[in-house]
Amino acid sequence: MKINPNQLDRGYLKYKSEYDNAILKTLESGWYILGKEVESFEHKFKHFIGSNYCVGLNSGLDALILSFRALKIGVGDEVIVPANTYIASILGITENGATPILVEPDEFYNIDATKIENAITVNTKAILVVHLYGQAANMKKIKDIATLHNLFIIEDCAQSHGAKFNGKTTGTWGDIGCFSFYPTKNLGAFGDAGCIVTDNYEIYKQIKLLRNYGSEIKYENEILGINSRLDEIQASVLNVKLGHYSELSSERISLANLYLNKINNSKLILPKIREFSDAIWHLFVVQIENRTEFQEYLMRHGIGTQIHYPIPPHLSRAYNHLGYKKGDFPITESFANTLVSLPLYDGMTEEEIMYVINTINNY
Ligand SMILES: *Cc1c(COP(=O)(O)O)cnc(C)c1O
């Protein structure tokens with residue numbers, strides 16, 4: 001059997017006629033940027049998350065960049081962020097000229113809340129929380145720290161659409177929640193898309209201006225903005241998918257539970273779920289010492305895997321100038337060397353996942 005790490009066409013085929021109709025309807029409408037579909041998606045998504053406002057954007061990275069910009073966080077300011085994340089989280093900070101202060105993760109792969117206070121200085125303005133792999137970080141503790149030290153919280157929810165901590169949705173704990181709808185994400189479009197959610201009207205207005213050249217009324221530019229508009233075709237696709245999201249999400253959780261309950265190979269460390277945290281399983285990530293050998297074994301049996309992420313941001317060439325070296329974040333680096341993501345996608349069949357499980361158990 002051949003199993004890819006991801007198989008995006010399965011997600012499309014699941015609701016093909018609805019996607020086809022939505023896209024055709026948009027094409028026939030003659031209106032392609034910031035129209036009814038975007039408005040309708042913003043409305044539905046803010047209700048889904050439980051926020052007062054939503055602004056559709058071009059990508060998850062733009063959501064991060066514009067969030068710091070709206071909060072006037074820039075040169076000379078420090079932002080606390082997990083060392084173990086996708087580089088986009090860090091780029092959201094450095095694109096604004098601010099300095100990322102990296103903190104090691106805990107055993108759940110999210111920022112270790114007990115290490116945050118040590119990283120706070122007089123220049124700290126915000127904590128950027130990332131709910132990595134679809135599992136909520138320790139938001140109660142992080143919120144308490146932010147309140148005590150008067151810091152903003154920005155949540156990178158690119159992997160956590162609908163995941164909750166203590167019953168409260170990720171994206172509503174902080175000042176701004178940033179979402180990506182990149183095709184592989186749990187709520188994925190068929191192209192680039194993203195959004196922010198917030199309960200703060202001023203932040204909402206500011207990001208709405210920023211996404212469209214700083215302009216609310218055509219040719220009246222109030223601030224220096226960029227172009228980060230969500231397009232109607234992607235919004236129409238997202239409207240369809242959001243309507244099916246609870247079903248898609250429970251299917252993914254069932255698949256992940258099969259991995260959790262049926263993998264019984266002691267060479268692997270399976271993911272743990274934090275008390276009070278929901279996991280929506282963006283990725284199913286296991287830890288294994290001889291990773292390359294394991295990946296090659298699976299490949300010989302037709303099973304593809306991926307690594308999220310093989311090079312932590314502090315060791316990436318792009319961030320040479322920050323002056324970090326190997327050994328600065330040993331937990332993060334050890335994760336980068338031992339983690340591997342098993343296949344998991346919308347429309348994956350029970351037969352496929354049982355094949356992966358049996359192959360793993362025979363390793
Ligand atoms: C995907 C992702 C982003 C960036 O989203 P894009 O839409 O690709 O710009 C940011 N942070 C995390 C954690 C992500 O996984």
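In this predicted model, the axes of helix H4, residues 60-70, and helix H7 approach within 10 Å and cross at roughly 125°. H4 is therefore oblique to H7, since angles of 65 to 115 degrees count as roughly perpendicular and those over 145 as roughly antiparallel. The crossing in which H4 passes H7 is right-handed. The residues that meet at this crossing can be named on both sides: H4 contributes Leu 66, Ser 67, Arg 69 and Ala 70, while H7 contributes Gln 206, Ile 207, Leu 210 and Arg 211.

Helix H7 spans residues 201-211 and also holds two tyrosines, Tyr 201 and Tyr 204, which stand three residues apart, about one turn of the helix. A pair of aromatic rings is described by the distance of the centres and the angle of the planes. For Tyr 201 and Tyr 204, the centres are 6.1 Å apart and the planes make an angle of 45°. Tyr 201 has a relative accessible area of 41% and is partly exposed, whereas Tyr 204, at 15%, is buried. The value for Tyr 204 is under 20%, which means that this residue falls in the buried class.

Aromatic pairs occur elsewhere in the model, where the count comes to 23. Ring pairs also build a cluster, whose members are Phe 41, Phe 45, Phe 48, Phe 179, Phe 181 and Tyr 245.

Rings also take part in another kind of arrangement, with a charged group over the face. Lys 168 lies over the face of Trp 173, 5.9 Å from the ring centre. Likewise, Lys 267 places its charged end over the ring of Tyr 363, at 5.1 Å from the centre of that ring.

Gly 347 belongs to the loop that joins strand E12, residues 339-342, to helix H12, residues 350-361. Its relative accessible area is 23%, so Gly 347 is partly exposed. Leaving aside residues up to four places away in sequence, Gly 347 touches Arg 10, Lys 14 and Glu 352. Ser 266 lies 81 residues from Gly 347 along the chain, and the C-alpha atoms of these two residues are separated by 28 Å.

How values were computed. Residues numbered from 1 in each chain as written. Predicted model: local features only at pLDDT ≥ 70, side-chain atom pairs only at ≥ 80, totals over all residues. Heavy atoms only, no water. Phe/Tyr/Trp six-rings, centres within 6.5 Å; stacked < 30°, edge-to-face > 60°. Helix = DSSP H or I, 4+ residues; strand = E, 2+ residues; numbered from the N terminus. Buried < 20%, exposed > 50% of the residue type's maximum accessible area, 1.4 Å probe, protein only. Lys NZ or Arg CZ within 6 Å of the ring centre and 35° of its normal. Axes fitted to C-alpha atoms, helices over the stretch in contact; angles between N-to-C directions. Parallel < 35°, antiparallel > 145°, perpendicular 65-115°, else oblique. Left-handed = near helix turned anticlockwise from the far one by under 90°. Contact = heavy atoms within 4.5 Å.
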